[in-house]
Amino acid sequence: LNREALFTDETENFRFPTEPLEGDDVYLRFRTARDNVDYVYYIEDGSRNEAIMERSDSDGLFDYYEHKITVGRERLSYSFKVVKGSETCYYNRLGATMDNQECFHFRIAPGFSTPDWAKGAIMYQIYVDRFCNGDPSNDVVDNEYFYIDQNVMHVSDWSKYPSQMDVGCFYGGDLQGVWDKLDYIQNLGVDVIYFNPIFVSPSNHKYDCQDYDHIDPHYGVIVKDGGEPLKSGSADNRQATKYMIRSTAKENLEASDAFFARFVAEVHRRGMKVILDGVFNHCGSFNKWLDGELLYQMSGDYEAGAYVSEDSPYHTFFKFYKDDAWPCNDSYDGWWGHSTLPKLNYEESPKLYEYIMKIARKWVSPPYNVDGWRLDVAADLGHSSEYNHQFWRDFRNAVKEANPKAIVLAEHYGDPSSWLAGDQWDTVMNYDAFMEPVTWFLTGMEKHSDESNPNLYGDGESFFRSMNYHMSRMMTNSMMVAMNELSNHDHSRFLTRTNRMVGRISTKGAKAASEGVNYGVFREAVLIQMTWPGAPTIYYGDEAGVCGWTDPDNRRTYPWGNENLELIEFHKYMTGLHHRIAALRRGSLKQLLAGRQLIAYGRFCGDSVCAVIVNNRATERDVQLPVWQLGLSDGDTLVRHMLTYETGYNVGRISYEVADGQVSVFM
Ligand code: ARE
Ligand code: CA
């Protein structure tokens, strides 16, 4: 039995239609080597329903078996069994295997589709305060307000790294700055901009939302000034916060919202999309619902907040543990114990639920027309798992009713399958089935720890085992839109990880983040990112060579004028390939080789075929690549587009002819 020839998946190459609706006939195809097997069985839901598949057609290399099913209302899962003489093997999301547990089966969720524009789209994540300052008049000024034990601070030296009191340090980046750089972003090959939170909030990260209804004027437009800033050293939190008027004046909020609507229209005019960060598990302790009077009395529009009055209309939005502690009742839950991030209490507040559903619809609707949400700590929302799932079902419906093409993308660590069954999220930020395996294969850093683990470093078998397992937790239409990142605002920058020193230093930053970095390994990572199924997502500045340990160091400013131009060119070349080669956006994925510091895989879709080899050893070697598994025959040629190595890269084209089903590559 030729196991390497066996293949099927959930892409349009092997399942049509790939995202069926209730009542649709679906054609399933299964590939074997030519004249190699006796029977192929289709097995539905465990083994309740087994059917022999018909051989429908053949080409020079393969036979194709077909089976038609009719999809009902219910979700279904299926796998295949291949028999040759006394040999039997199963085929599921793990590939050819004897382990045919139902959790590894192919799945169909009738009516579940993910946005086509997001499949294989290239995304660019922007932490607004640090990307580009296009409008100095909206900058947070020194001592403008008081935030977590300190007065906020304006950093005038754009290239200075963040300090310890980072949350209250502002560099002045804003939406005008992003607008000014849209040519740059577009030339990089970006299809989608993902913004870290941009609603009103006192911190630079804005995960502590003050008002979900408006864009922060410090990122938007300030038309009304706020009077005198604080005297430095003022320690009265409640008094000091009065000066937040620049963030809360109606004129500034309206002008900023209108500016944002124009911004999104411009991004759309250029054929790109915008995704916003939705932080709905918790808000910020400065939220208008907690202390509205304090925040809004100078702008005139407020209701008593839940923090100061038991009679507040927002009382039920939070869960207070002491009922007799007003005013200033801070006995609420904070996300993971952070008092600045009070957890929202949906179960006891239908009004809160309605408010957030309205917010979910508002920003994906005119005049804003945003293209979707990234959902912060989505699994934590609510106080029970039943409620959590129900909330996300309702949220999905609300968003898709308002804007059927919007994406619902959750931040999630761990098994996401119960949210990805078709009725809740479209997909996730892809840590488990992308960032982690790529990181440990290329750098040896182990998942969720600071130790370097030499066993995982360079082990191709473990790389594919982990990838296959985690990819099987989501249906392929979720995988095609998964946010595949190498770095982001919660993790060290990938370039810094290539020095493999994280486990060996005790204090972050004890060594310069740029010390000993390996550009060749970083380029390999980008190569995998741009050729792996999913939506390759570049964290602003990675493409320009920015380094950094985990936060706040990973939020350094974009180095305008000091970019690593060669790295930018490399990214452009890779995004260009990603756009040009159809198989990279929607194609099937087939593992070809796994060895010590070696992985090779292919993507294929109709006539479009692409093979990728990653030799992570310091020395060159001969690689025999079995490209027949991608459907290439003897005499066909493959053209090499790219070779990356430690000291540079080369785009020289070399042709390789297929002989005996293989190409021989020295690299
Ligand atoms: C701030 C400081 C940190 C400090 C922390 C605690 O910046 O240096 O360690 O306070 O005092 C936002 C801000 C953060 C801020 C945080 C709290 O962006 O800068 O931290 O608020 O004020 C886990 C969660 C994951 C979460 C990360 C941060 O599972 O959901 O931790 N990510 C989201 C956002 C964050 C945001 C919040 C949540 C809160 O993306 O930016 O933080 O709204 C392993 C673990 C993961 C862990 C991950 C990262 O992989 O398995 O569970 O993620 O590491 O730490
Ligand atoms: Ca600014």
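Colleague: Where does Pro552 lie?

Modeller: Pro552 lies in the loop between strand 24 (535-539) and helix 14 (565-580). Helices (H or I, at least four residues) and strands (E, at least two) are DSSP runs, numbered from the N terminus. The peptide bond from Asp551 to Pro552 is cis, with omega near 10 degrees. A cis bond also joins Phe16 and Pro17, where omega is about -10 degrees. Pro17 sits in the loop between strand 1 (15-16) and strand 2 (25-33). Most peptide bonds are trans.

Colleague: Before we go on, what kind of model is this?

Modeller: This is a predicted model, in which local features need pLDDT of at least 70 and side-chain atom pairs count only at pLDDT 80 or more, while totals for chains, interfaces and linings use all residues. Residues are numbered from 1 along each chain as its sequence is written, chains are lettered from A and ligands numbered from 1 in the order in which they are written, and side-chain values use heavy atoms, with hydrogens and water left out.

Colleague: Why does Lys206 count as buried?

Modeller: Buried means under 20% relative accessible area, exposed over 50%, and partly exposed in between (1.4 Å probe, protein chains only). Lys206 has 2% relative accessibility, so it counts as buried. Lys206 also has a positive phi of about 65 degrees, although it is not a glycine.

Colleague: And what makes Trp336 exposed?

Modeller: Its relative accessible area is 68%, so Trp336 is exposed. Trp336, too, is not a glycine but has a positive phi, of about 45 degrees. Its place is the loop between helix 6 (288-296) and helix 7.

Colleague: How do you know that the span of helix 7 agrees with what it should be?

Modeller: The expected span is 1.5 Å times one less than the number of residues. For the 13 residues of helix 7 (residues 350-362) that gives 18 Å, and the end C-alpha atoms are 18 Å apart, so the two agree.

Colleague: Why is helix 7 called oblique to helix 8?

Modeller: Helix 7 and helix 8 (residues 385-402) pack at an angle of about 40 degrees, with axes 8 Å apart. That makes helix 7 oblique to helix 8, since angles under 35 degrees count as roughly parallel, over 145 as roughly antiparallel, 65 to 115 as roughly perpendicular and the rest as oblique. Axes are lines fitted to C-alpha atoms, for helices over the stretch in contact, and angles run from 0 to 180 degrees between N-to-C directions.
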